[in-house]
Amino acid sequence: MDFRAKVEQLVHEFLETREDLYLVDLKISAGSDITLILDGDVSLSLQDCLDASRAIEFNLDREEHDFSLQVMSPGLSEPLKFPRQYKKNIGREVEILMNDDEKITGEITAVDDEKVTLTLRYRRPKLVGKGKEDVVEDKEIPYQDIKKALIVIKF
């Protein structure tokens, strides 16, 4: 079994023991630098990262193949990739770049396996008369139409 396949197998075996965690990304460089990005349905603790690191590192032989290993959570600047990540962020504001380059910003209110539902709040000119009016509407967006989705950070 080659090195990459062994690492993938160990990651898979670890995640089978922790159904609340899931793989976001696994990168292995030509120099055998392993970067494992995990996330959790509720959160990802430092202990979760340590457990994953131990499950992988203790089952690889450095004498056979020298490597470095980093286990981390996705940062705030990382885009959302999976429905589980959208579900975890229900109630938070997200900025979505669509495949047609349209930008949509709204609050995540519902998630399923095919789409995310956002509540959009904006002002538009009144349909009758002068001035502007506040509008609140829900918009369903299929994941396949999303190029990139980032959580909006508020201070």
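Helix α1 (residues 3-17) packs against helix α2 (residues 46-57) at an angle of about 135°, and their axes lie 9 Å apart. Helices here are DSSP runs of H or I with at least four residues, strands are runs of E with at least two, and both are numbered from the N terminus. Axes are lines fitted to C-alpha atoms, for helices over the stretch in contact, and angles run from 0 to 180 degrees between N-to-C directions. The model is a predicted one: local features need pLDDT of at least 70, side-chain atom pairs count only at pLDDT 80 or more, and totals for chains, interfaces and linings use all residues. Residues are numbered from 1 along each chain as its sequence is written, and side-chain values use heavy atoms, with hydrogens and water left out.

How are α1 and α2 oriented to each other? They are oblique. Angles under 35 degrees count as roughly parallel, over 145 as roughly antiparallel, 65 to 115 as roughly perpendicular, and the rest as oblique. The crossing of α1 past α2 is right-handed. That term applies if the near helix is turned clockwise from the far one by less than a right angle; anticlockwise gives left-handed.

From α1, the contact is made by Leu 10, Val 11 and Phe 14; from α2, by Asp 48, Asp 51, Ala 52, Ala 55 and Ile 56. Contact means heavy atoms within 4.5 Å. Six of the residues in this contact are nonpolar, none is polar and two are charged. Nonpolar covers Ala, Val, Leu, Ile, Met, Phe, Trp, Tyr, Cys and Pro; charged covers Asp, Glu, Lys and Arg; the others, Gly among them, are polar.

The largest nonpolar core has 19 residues. Such a core is a set of buried Ala, Val, Leu, Ile, Met, Phe, Trp, Tyr and Cys residues joined through side-chain atoms within 4.5 Å. Buried means under 20% relative accessible area, exposed over 50%, and partly exposed in between (1.4 Å probe, protein chains only). Val 7, Ile 34, Leu 36, Leu 38, Ile 56, Leu 60 and Val 71 have the most contacts inside this core. At least two of its residues come from each of α1, β1 (21-28), β2 (33-40), α2 and β3 (68-72). Helix α1 gives the largest share, six residues.

Take Ile 56. Beyond its neighbours within four places in sequence, Ile 56 is in contact with Leu 10, Val 11, Leu 36 and Leu 69. A second, separate core has 16 residues, including Met 98, Ile 108, Leu 120 and Tyr 143.

Ser 53 also sits in α2. Is Ser 53 buried or exposed? Its relative accessible area is 16%, so Ser 53 is buried.

Next, the loops. Ser 32 lies between β1 and β2. Its phi is near 65°, a positive value in a residue other than glycine. Ser 32 counts as buried because its relative accessibility is 8%. Asp 101, in the loop between β4 (93-98) and β5 (103-111), also has a positive phi, near 70°.

Two glutamates remain. Glu 8 lies in α1 and is partly exposed, at 35% relative accessible area. Glu 8 and Leu 26 are 18 residues apart in sequence, with 8.2 Å from C-alpha to C-alpha. Glu 78 belongs to the loop between β3 and α3 (83-88). At 36% relative accessibility, Glu 78 is partly exposed. Its C-alpha is separated by 8.7 Å from that of Ala 149, 71 residues apart along the chain.
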